[in-house]
Amino acid sequence: MTIPFAPTPADRRLLPEGRAAGPMPWVIAIMVFLTVLAAAAGLALSSAAGGLGDQIAGRVTIQIVEADRVARDAQAEAAVRAAKAMPGVAQVAKVSDEEIRRLLDPWLGSGGLELPAPALIDVDLADPNSLSRLKAVVIAAAPSARVDAHARWLAPLRDLIGTLRWLAAGLVVLMGVATAACVVLAARAALNTHRETIDVLHLLGATDMQIARLFQRRIALDALFGGGLGFAMGALVLALLSSRIGAVGSELVGSVRLAAGSWLALIAVPLAGALVATAAARLTIERALRQIL
């Protein structure tokens, strides 16, 4: 007696329950849905952390804090010349008064720039290790200058993103364990339900391996059905969230997005769930059959 992986009509009659009738496909669908969301969050946060690290690694802002506008502009020009002359500096750009006014208008209203405002200079360092040398050179040329590295202010945000990324990875692992546990319970319930069928198959000469393969195939198909349904729901939610994030218009929030490679990784989630369910079912059923005999 052989039971091939491709089910025959006779094999289906041995386990007559429909694939969507039991609770396991729907439980797996929920697990895969949550796993897809957690994995997507982890992948998006990884992309955001990488982009944030690249942006702030060598980004520096120089402020010329001077109430006298003439002295402020003179020191700003001196700071620009000193920064451009220093090796290891990739780019130096002075922020215009119009740009500063545009940034301050939402907070101070029209005419808010009548108050003394510092001159701002953006610097991109080719070598982030040259920050201390840049500070010494700029302060020597412009005593009122303050040199602020973006990494100093955004380091807590980068650490938070890293923590959330590891949390998402932990949730994916926990979902996998929970899925395996659900499959174990479902496999044991299926064995108890079809105990008489198993006894008949044993009397007909079927081996434990053949019977285990029969249950394993059924659980694998249930897992594929539930995994596909859960992935479809997760992809729909992610598409809706992506459109909402794009409407925010924030560069920082917009960096939390999924690349094409990340979508390929998400497609592997239901397949991995089916493999985990199949392996858990096989081990559970083989062990239970040995105990029956």
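Visitor: Where is the place of Val 95?
Guide: Val 95 is in the loop between strand E2 (89–94) and helix H4 (97–108). Helices (H or I, at least four residues) and strands (E, at least two) are DSSP runs, numbered from the N terminus. This is a predicted model, where local features need pLDDT of at least 70, side-chain atom pairs count only at pLDDT 80 or more, and totals for chains, interfaces and linings use all residues. Residues are numbered from 1 along each chain as its sequence is written, and side-chain values use heavy atoms, with hydrogens and water left out.

Visitor: Why does Val 95 count as buried?
Guide: Because its relative accessibility is 12%, and buried means under 20% relative accessible area (1.4 Å probe, protein chains only).

Visitor: And what does Val 95 touch?
Guide: Ile 100, Leu 120 and Asp 122, not counting residues up to four places away in sequence. Contact means heavy atoms within 4.5 Å. Asp 122 is 27 residues from Val 95 along the chain, with 7.1 Å between their C-alpha atoms.

Visitor: New topic: which residues of H3 meet H5?
Guide: Ala 78, Ala 79, Ala 82 and Ala 83 in H3 meet Leu 134, Val 137, Val 138 and Ala 141 in H5. That contact has eight nonpolar residues, no polar and no charged ones (Ala, Val, Leu, Ile, Met, Phe, Trp, Tyr, Cys and Pro count as nonpolar, Asp, Glu, Lys and Arg as charged, and the others, Gly among them, as polar).

Visitor: Why is strand E4 largely enclosed?
Guide: Because four of the five residues of E4 (residues 145–149) are buried.

Terms used: Buried < 20%, exposed > 50% of the residue type's maximum accessible area, 1.4 Å probe, protein only.
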